[in-house]
There are 2 protein chains.
Amino acid sequence: MISAGKGRTADLNPGGLRCESPMRAERLIVVGGVAAGLSAASRARRLDPYLEIIVYEKGPDISYSACGLPYFIGGQVADADALRVYSPEFFRTQRNIQVLTGHEVTELSTSRRSVTVIPPGGAALEEVHYDRLVLATGAQPARPQIPGLDLAGVFDVNTLQSTLAFERALDSERPRRAVIIGGGYIGLEMADALVARGLEVTLVERGARLFEAADEEISSIVERELETHGVRVIKGSAVTALMGDRERRLRRVAWEGVAAGSAETDCVVLATGVRPRVKLAEDAGIELGSTGALAVDDAMQTSAAAVFAAGDCVETKHRVSGRAVYFPLGTTANKQGRVAGENAAGGRARFAGIVGTAVVKVFTQEVGRTGLSLAEAESLGYAARAATVHAAAHARYLGGKDVVVRVIAERASGRLLGAQMIGPEGVAKRIDVFATALQARMTVEQVAQLDLSYAPPFSTVWDPVLRAAQEMLRELRR
Amino acid sequence: MISAGKGRTADLNPGGLRCESPMRAERLIVVGGVAAGLSAASRARRLDPYLEIIVYEKGPDISYSACGLPYFIGGQVADADALRVYSPEFFRTQRNIQVLTGHEVTELSTSRRSVTVIPPGGAALEEVHYDRLVLATGAQPARPQIPGLDLAGVFDVNTLQSTLAFERALDSERPRRAVIIGGGYIGLEMADALVARGLEVTLVERGARLFEAADEEISSIVERELETHGVRVIKGSAVTALMGDRERRLRRVAWEGVAAGSAETDCVVLATGVRPRVKLAEDAGIELGSTGALAVDDAMQTSAAAVFAAGDCVETKHRVSGRAVYFPLGTTANKQGRVAGENAAGGRARFAGIVGTAVVKVFTQEVGRTGLSLAEAESLGYAARAATVHAAAHARYLGGKDVVVRVIAERASGRLLGAQMIGPEGVAKRIDVFATALQARMTVEQVAQLDLSYAPPFSTVWDPVLRAAQEMLRELRR
């Protein structure tokens, strides 16, 4: 077995010198250097100053804001460097963590407690022993099975590198028209970004509506917002082919479904979601959950001893339904990474699970959701009800605009199951009030009694959250 | 006994015609026609379409946004009519509620179940029978005991009428300088408003600091914000005299304390808080609580049968400390009014109490607080700790600015006791996340696990709420 001695110096890694001796420091290896991986490494370091910590990142970039990528395309972030949070240098000098980019981990042996790593340039494989392992392998684009994905002019914004490639094309080729495939968060943000860049945008969504995380009452407003800003929205239709010219350059997109058709375009953006990257773990015999992501307990431990996992490669418990769900988001990845890192360093942290909170800005509208939608609640077997209100986000005499608030509750118990909100202001942090109420398993009656802040520039005397809860109570009494 | 038949028509008040007959509808009388009183009347009507409902309001105005008055002075609200929510006409025609302005209730007999009313113009007293009574007599200015309060140039913004009088003076007399007495919410809002109107403002606060609802770490930032905008702040000093000229017009204000002194001024604004208006009830033998406000149970019932009370005249239970507190705010008044009205109509509603949430805008800063401050917690005997963090309200690469978040927790249990926040954005509804957590009696550990929304325009991947909770956890472990 080869020790992981690359580029380390003895003073930075006290354990390095004592490798294989009975006195050596334990070694934590982290696979993946974006959100979950670096949270785990940092947390472990804070708990144990002596642990040897190595992070292997396959790609060239670490620690950047993936959620900021659409804003780089949209032009609100001028320099991609603004999206980089920390450098490998920072981790080495400030946290005594070795972050190795361009290092792909190709194999994991839980019996030998080792990983096999390909260093940059495809040099000889190294097998590196671990005492504790954190898998933060993330997700990969769930690319649809359609011909033409290899044509020039097909892009995604899943990584910093793929986004930079798209930006270069936007700059140099000045495309006039774009087709976005997928109407989820990223598809919506990209529609906004590309309209801001002056492109003519078509968005094709396979499902019956955009932003399916919310119910029709909210998603229809999202669709209207896109159309108001000139986006052509095609729903219930799957893209079946990308067609190019002789130079293998994309020219046309065709789709089938309720609105079959095709359109000329200069570029395509894939926003068809992601799936967990689990091959390394699966090949090592680590258990997957029902969602296809890695199964972990609330300590973020996998089925293998001393192997933890966190972030977009794991499934997590939904605190409302109690079910395992795959809901990959940066916030969750960071929280899970923290727990995995703490436990990998011998701590006893627990991850509480999620309630499915998400928010997105689409042109002039803020859209938020948390908990279960009515559709989700019903498909899980809840006898649920929903109520929707329009209410001013702050005092109308100070220019307050309406937000639409939808609340979902269990009929018999009155328990809050979820909420959704859309409007030009005051949505993002109000949805957090519902998220907090869900975490506390409140009833709608309890939500209606919340002592929420009020001053005319920020709210109305009955906050929209309270109005929605009141309307839900009326609905439940019917 | 005289029936309350003034101006009613039989079809609007089916009960009126049958007065004193064994079949007559029951009569609900509400004393006070602003927030709590009209909420109670409206709620009662919704539950019982046959109840006769009469609201007596002493003043000329009903149903206006008292919280909006500083914005009228500041010029952000051009027309005071924008602050009026509903007219007596609206209540009569839309809700079949008789709202009688200029009617002062001077006596209450709980044994005869009657109130004595002086109609406008001082006509003969009327004694009016009630079956249920809601006292929503509100609060009155707690005017300091200083000579000169009767001078021309002394104002307050406690009611629409007193605010209109101030506005007329600002318009016609064009004062150049103002002294505000009191550094609470209203004093701060008035400082902002009068600077916006171009006045030179001095604020004199009796206590050791402004905005005492928050701890020093937050209130010092409030003070700096005032000074940055040219307000002269004098703390630890009580105004001892207002001095006028021969025409009884205010000319000078003198104060004593840590910074004794005096200043010439053209006007004074009293922002010295309010105290509950309880004389009517007290004279009738209804019990007061320890705070001097009316004591009510969680059904908003007073010590007298069939007599409910709500709003700024009652004390309420603080859900964090379990103690009775006097915390008069419009939101609470409306909620309590609703409960009182429901129960007066035979319902079984309960008021959950408050957690002490409040928010105020001061120039460029939003300031919020909920629960107990560290000072309050310690004075109540909690072994408490506090932690304060600075964190970006949203992604810095999209221009996010720092907010300061302070969290207070019980040392042994880790239970959240309170939170405070100040910053140029994203404060008001974030404080509501803490308010919700307090209502649910969460620990700081649970707050740190909240699944809060994140997208770069609205938050950072670790929301400031989560960062503050993490810092508090570190503090608790020390």
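1. A salt bridge is taken here as a side-chain nitrogen of Lys or Arg within 4 Å of a carboxyl oxygen of Asp or Glu. In this predicted model, Lys429(A) forms such a bridge with Asp463(B), with 2.7 Å between the closest N and O atoms, and the count between chain B and chain A is two salt bridges.

2. The interface to which this bridge belongs brings 61 residues of chain B into contact with 59 residues of chain A. Together the two chains bury about 5200 Å², of which 62% lies on carbon and sulfur atoms.

3. Polar contacts across the interface of chain B and chain A come to 26 residue pairs, both residues being at pLDDT 80 or more. On the side of chain B that touches chain A, the elements giving two or more residues include helix H2 (35-47), strand E21 (358-362) and helix H11 (428-439) of chain B, and the largest share, ten residues, comes from H11(B). By class, that side of chain B has 31 nonpolar, 16 polar and 14 charged residues.

4. Over all chains the count is ten aromatic pairs. One of them joins Tyr86(A) and Phe91(A) edge-to-face, at 5.6 Å centre to centre and with 80 degrees between the planes; Tyr86(A) is partly exposed at 33% relative accessibility, whereas Phe91(A) is buried at 1%. Ring pairs also link Tyr86(A), Phe90(A) and Phe91(A) into a cluster.

5. The rings of Tyr185(A) and Phe211(A) have planes at 85 degrees and centres 5.4 Å apart, so this pair is edge-to-face. Tyr185(A) is partly exposed, with a relative accessible area of 24%, while Phe211(A), at 2% relative accessibility, counts as buried.

Terms used
Residues are numbered from 1 along each chain as its sequence is written. Chains are lettered from A and ligands numbered from 1 in the order in which they are written. This is a predicted model: local features need pLDDT of at least 70, side-chain atom pairs count only at pLDDT 80 or more; totals for chains, interfaces and linings use all residues. Side-chain values use heavy atoms; hydrogens and water are left out. Contact means heavy atoms within 4.5 Å. Buried area is the accessible area (1.4 Å probe) that two parts lose on being put together, summed over both. A polar contact is a pair of N or O atoms within 3.5 Å; within protein, one must be able to donate a hydrogen and the other to accept it, and residues adjacent in sequence count only if both atoms are side-chain atoms. Helices (H or I, at least four residues) and strands (E, at least two) are DSSP runs, numbered from the N terminus. Ala, Val, Leu, Ile, Met, Phe, Trp, Tyr, Cys and Pro count as nonpolar, Asp, Glu, Lys and Arg as charged, and the others, Gly among them, as polar. Rings of Phe, Tyr and Trp (its six-membered ring) pair if their centres lie within 6.5 Å; planes under 30 degrees apart count as stacked, over 60 as edge-to-face and the rest as tilted. Buried means under 20% relative accessible area, exposed over 50%, partly exposed in between (1.4 Å probe, protein chains only).
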